[in-house]
Amino acid sequence: MANAFVAAFEILSFGAIIVLIVLGLGIIASMMGIFNFAQGEFVLLGAYITYLAYAKGLPIWAGMVAAPFVVGALGFVLEALIIRRFYAAPIVAMLGTYALGLIIREAVRGLIGGFYLTVPEPIGGSIDIGAMHISAWRFTIIVITLLVMGLCYLLLSRTSFGLRVRATLENPSLARASGISTPLIYGATFAFGAALAGLAGALIVPVFSLFADLGLRFLIQGFVAVMVGGVGSFIGPVAGAGVIGTLSAALPWVMAPVVADVLVFVLAIVFIKFRPQGLIAGKGV
Amino acid sequence: MLKPMSVVREAIVADADDEADGAMAKGTAAERANDRVKAGRKILPIIEGLVLLAALLAPLVLQDYLTVFATRVIILALFALSFDLVWGYAGIMSFGQALFFGSAGYGVALLARDLDITNIFLVLPAGTLIGLTFALLLGGFLLLGRHPSSVIFVSLGTLTGSYAADRLARGWYYLGGQNGIPSIAPMSLGGYDFTEGPAFYYLVLGILVVVYLLCRFLVRSQFGLALAGLRENEQRIAFFGYKAQHLKAIIFTIGGAIAGLAGSLYAFHEGFVWPNMVGVVVSTQVVLYVLFGGSGTLIGAVIGAVIVEGVSFWLSDNYRDIWPIILGLLLLLVILFRPLGLISFVLGERERVGSFGAKVKETRNAP
């Protein structure tokens, strides 16, 4: 019983991490039609900023709060300078964002060297439930993920900003004709997606420690999750992330980890092949 | 079954002209187009000849350790050729080309390790066949089917395939896990062992030239023209009665076979294989070569591989840390401002679309 509970918690906590990372990726892919290869490096930057705050003696919380804003601002600038040119061509967008990601990743690698740097958890210790102990920080991540997910949903479905974003997604020319500044909306959406990645990086760095390939590790899982969930809506990629995250964490409990690792990808690709629209089809929230 | 090629060619050329000469007067457009065709025809063989000459002379002027390096570059150029066929001609974004490169490398490494087979006439065909089989399976699955697959799906599918293979190789004890398979016996012919050096260099160069000529013949045939049409306007080619998905699957498989050949040569030249060889790193490396050099011109892929590897070899001594950053910046600049790569400085865009084959009819542009 205790074992099953610990397993369930592990699965849930890994699922939450994947959802957190995919949120930004999914919003950019769904709302802008761009598969952002630099997203993993935005995660890495978030992690790096948190580490920087810690290394400078500031409270870790300060770094975690600053990370999304800094990465979001960077995303806004990059969108205006570079990403904007790629909207018409999805493949070129992949290559261009890959080049961007390469630059960011190698710059961070130069800054930290080839090391694995650890950042302590801001909330240490464990929560005891009877004889079972679960990590307090992982529990916090689950809570924050749920909060962020809810807030994103409300932002897109209830606010006037969300309405503009959805209008721009569904029919850019009509949105422009109605007086919505679509370039600004695209810029803001990309910045928002980048900020979410920054937040994800900041939150997971105590769990995975900081190394240059941190973002790369999650990028492909994130892409697969977005495709499984379905591009075009907010809820699709989140659902896909839930499924992929849960499977990746759950399968190693019942089979050899190597087989499980590969099986998740094979299952996902086969699923997308026969259901290209994903779990949740359609546009909107 | 197929439409006459001249019709297709005209359609493709018409597209290119519409883009290039939209604002120009029709009469001059035709003249200019033909001038450029003639110029392109003169320039391309000159470039090819110069590259071949440089490659032939290289071992005579290079020091031994540089010849070994040059051999590696030639093998990577062969690999780049395979990607150029798939992306540059057919417009299929294969982000997992290393899957075929690496799996063939692993295949021949296992042959050498477990069965003591190193005969060149056995291992190279075996490697080619491995690449071909994997490409046929993956390409068939991703590209064929009742509904045409989206470009995004194909590119992410190949990327995922390569990543999954990397993870599998890392975790599978039989394949050596993280360390890969070290100290592979050298490739042999009768009693002769191919070790690093000029002999290996000329062997690889000979293979590259043969494969290059085959590819050149292929892309200048009707098949190649239909491929270029796929890249420019897939729907139009489908309306002409071609089975676009079949064409794509065929070229993807051919690309996989060439990648397999390159991978088996690479495994024997380096003497070991390791998981990165099937993974995302090498997959994106080959994309870099072709984008730099210029996709859709075979020689561009070769030049791209030579330049990227050469400059990185030269810079990595002094600027090891910042070289990847420079590479990223250069790549970004090329994508933004020179989408057809460095070769486009000397070679017109017409070389990529329908300027080959029989002479372009001029009646089309006449008033």
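I began with residues 218-244 of chain A, where the chain is 81% helix and 0% strand and the end C-alpha atoms are 11 Å apart. Helices here are DSSP runs of H or I with at least four residues, strands are runs of E with at least two, and both are numbered from the N terminus. The model is predicted: local features need pLDDT of at least 70, side-chain atom pairs count only at pLDDT 80 or more, and totals for chains, interfaces and linings use all residues. Residues are numbered from 1 along each chain as its sequence is written, while chains are lettered from A and ligands numbered from 1 in the order in which they are written.

I picked that span from UniProt, where an unreviewed entry lists it under "transmembrane region" in chain A, along with others including 136-156. Such annotations may be inferred rather than shown by experiment, and the positions follow the numbering used here. I then looked at residues 136-156 of chain A: that span is 100% helix and 0% strand, with its end C-alpha atoms 30 Å apart.

Next came the contact between the chains. I found 30 residues from chain A and 32 residues from chain B in it, with contact meaning C-beta atoms, placed from the backbone, within 7 Å. On the chain A side, helix 4 (90-112), helix 9 (214-229) and helix 11 (257-274) each give two or more residues. Helix 4 has the largest share, 14 residues. I sorted the chain A side into 24 nonpolar, two polar and four charged residues. Nonpolar covers Ala, Val, Leu, Ile, Met, Phe, Trp, Tyr, Cys and Pro; charged covers Asp, Glu, Lys and Arg; the others, Gly among them, are polar.

I checked helix 4 of chain A for length. Its 23 residues should span 33 Å at 1.5 Å a residue, and the end C-alpha atoms are 32 Å apart, which agrees. The expected span is 1.5 Å times one less than the number of residues.

Beyond four places in sequence, A:Pro252 contacts A:Pro257 and A:Ala260.

Last, I turned to chain B, which has 13 helices and two strands. Of its 367 residues, 50% count as buried.

Terms used:
Two residues are in contact if their C-beta atoms, placed from the backbone, lie within 7 Å. A residue is buried if 20 or more other C-beta atoms lie within 10 Å of its own, exposed if 12 or fewer, and partly exposed in between; C-beta atoms are placed from the backbone.
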